[in-house]
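Dear colleague,

Please find below the structure that I am handing over to you. My notes on it follow directly after.

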Amino acid sequence: MSGRNPIEDLAHLRHEFGEHGGVNMSVEASSTFTVIDPETMPDLFQGRAGPDKGCYLYGRHFNPTVFNLGRQMAALEGTEAAYCAASGMGAISAVIMCLCNAGDEVVASNAIYGGSYAFLHDFLPAKTGIQTRFVDITDVDAVAAAITDKTRLIFTESVSNPTLRLANLPKLAAVAGKNNISLVVDNTFSPLLLSPAVLGADVVVHSITKFISGASDVIAGAICGTEAFIGELMDLHMGPLMLLGPTMDPTIAAGISLRIPHLPLRIKAHSERALAITSRLQELGLKVCYPGLPDHPDHKLFEELHCDEYGYGGVFTLDVGDAETANALMSCLQNEQRFGYLAVSLGYFDTLMSCSGSSTSSEMSEEDKESAGISPGLLRISIGYTGTLEQRWTQLLTALRHTGLVPA
Ligand code: PLP
């Protein structure tokens, strides 16, 4: 079965032209907006006029260029609306703070990006009294059992960082629906591959910083959901996007909106390269994890839920046993072979690699890392599509031999 392919919705969007007939929209580099009729001002403040009617108030509220990127993000995710934020964390924190009040609870996956984990595990309880119960998200019964009458939402990544487990979104949506709570899904690892909202999620968030940007040059995020929810985020009294102010700059929005049209080509290229490399690593007997490999625990579920045009994504892990070996391998790959860069993040056109336990998951306690399956020698590799496959494979094989992971 092939899941939804957002490419037609993206192509169907009404194109916004530039002020002088440019094929691209003009950048609305204004922090404030005039009204012709003074009566419009109270309408804007009372929510009776807004961007849907072409009325803008102030740049921390809505901006037309950022709003235009939001329309593209909504088409990408199949939601009614979307709006962008200055970062993925800005988007995630705004959504959670919008859905929860002091004393409420969250049920979250125990395998999520370290920043999201720290926000839920440390920041929220200290600052707001919002508590989180962390569970193995692949165990839907455990998720259901963790829900109490204080729970307001389930938070998960569609594909977990860094363990690459797939959340069973339709089943989680059923649990959320039954308990009248929201399912919030971070789809950073799998834009286009998975459409969480179509599979039942109420809100989808993104770190645009990763695949959607594709060039590791900007920090950006997005929130996709209903028109009403985006409105709530911008509420002048209680909206976290409006009041905490993780505002996306319009020049950043304009740049990103020009990258969405070639996102499908880039995701396909990442996925093809990842499948080829991981298949070869597996043949060598190495401990590789990639949802595209038939022995991945969620391979079948992935086949059911994803859009097969885009494969299985651009991230895989390689467990080399211990941190010392992982460091030696990454050092050789970067400094001798020029295979990629020893850097956090993902979705770049070149390869990025990091040892998750000591970097992007280091916010987690040793026990929590162990129960989430993040071992000290686990390398997360976001595979790039530069160079040729054979060139990159030779570099990788040479480094594996050099570090003794493969016989010389
Ligand atoms: N979600 C995931 C899955 C991530 O990997 C990251 C960052 O690494 C974030 C969210 C946070 O995004 P940002 O760095 O854009 O704030």
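A polar backbone atom of G88 lies 2.9 Å from an oxygen atom of the ligand. Side chains also take part: a polar side-chain atom of K210 is 2.7 Å from a ligand oxygen, and one of N161 is 3.0 Å from a ligand oxygen. The ligand on its own exposes 390 Å², and the protein buries 92% of that area (accessible areas follow the Shrake-Rupley method with a 1.4 Å probe; for residues, only the protein chains shown count as cover).

Please note that this is a predicted model, in which local features need pLDDT of at least 70 and side-chain atom pairs count only at pLDDT 80 or more, while totals for chains, interfaces and linings use all residues. Residues are numbered from 1 along each chain as its sequence is written, and side-chain values use heavy atoms, with hydrogens and water left out.

The shell around the ligand holds 14 residues (a residue counts if one of its heavy atoms lies within 4 Å of the ligand). M89, D186, S207, T209 and K210 are the closest. By class, the shell has five nonpolar, six polar and three charged residues (Ala, Val, Leu, Ile, Met, Phe, Trp, Tyr, Cys and Pro count as nonpolar, Asp, Glu, Lys and Arg as charged, and the others, Gly among them, as polar). Helix α4, residues 88-99, gives the most to this shell, with three residues (helices are DSSP runs of H or I with at least four residues, strands runs of E with at least two, numbered from the N terminus).

E105 is buried, with a relative accessible area of 10% (buried means under 20%, with a 1.4 Å probe and protein chains only). Its side chain makes polar contacts with the side chains of T148, at 3.0 Å, and R133, at 3.1 Å (a polar contact is a pair of N or O atoms within 3.5 Å; within protein, one must be able to donate a hydrogen and the other to accept it, and residues adjacent in sequence count only if both atoms are side-chain atoms). Beyond four places away in sequence, the residues that E105 touches include C100, Q131, K150 and L153 (contact means heavy atoms within 4.5 Å).

As for the whole protein chain, 15 helices and 12 strands make up its secondary structure. Of its 408 residues, 56% are buried.

Yours sincerely

Technical notes. Buried means under 20% relative accessible area, exposed over 50%, partly exposed in between (1.4 Å probe, protein chains only).
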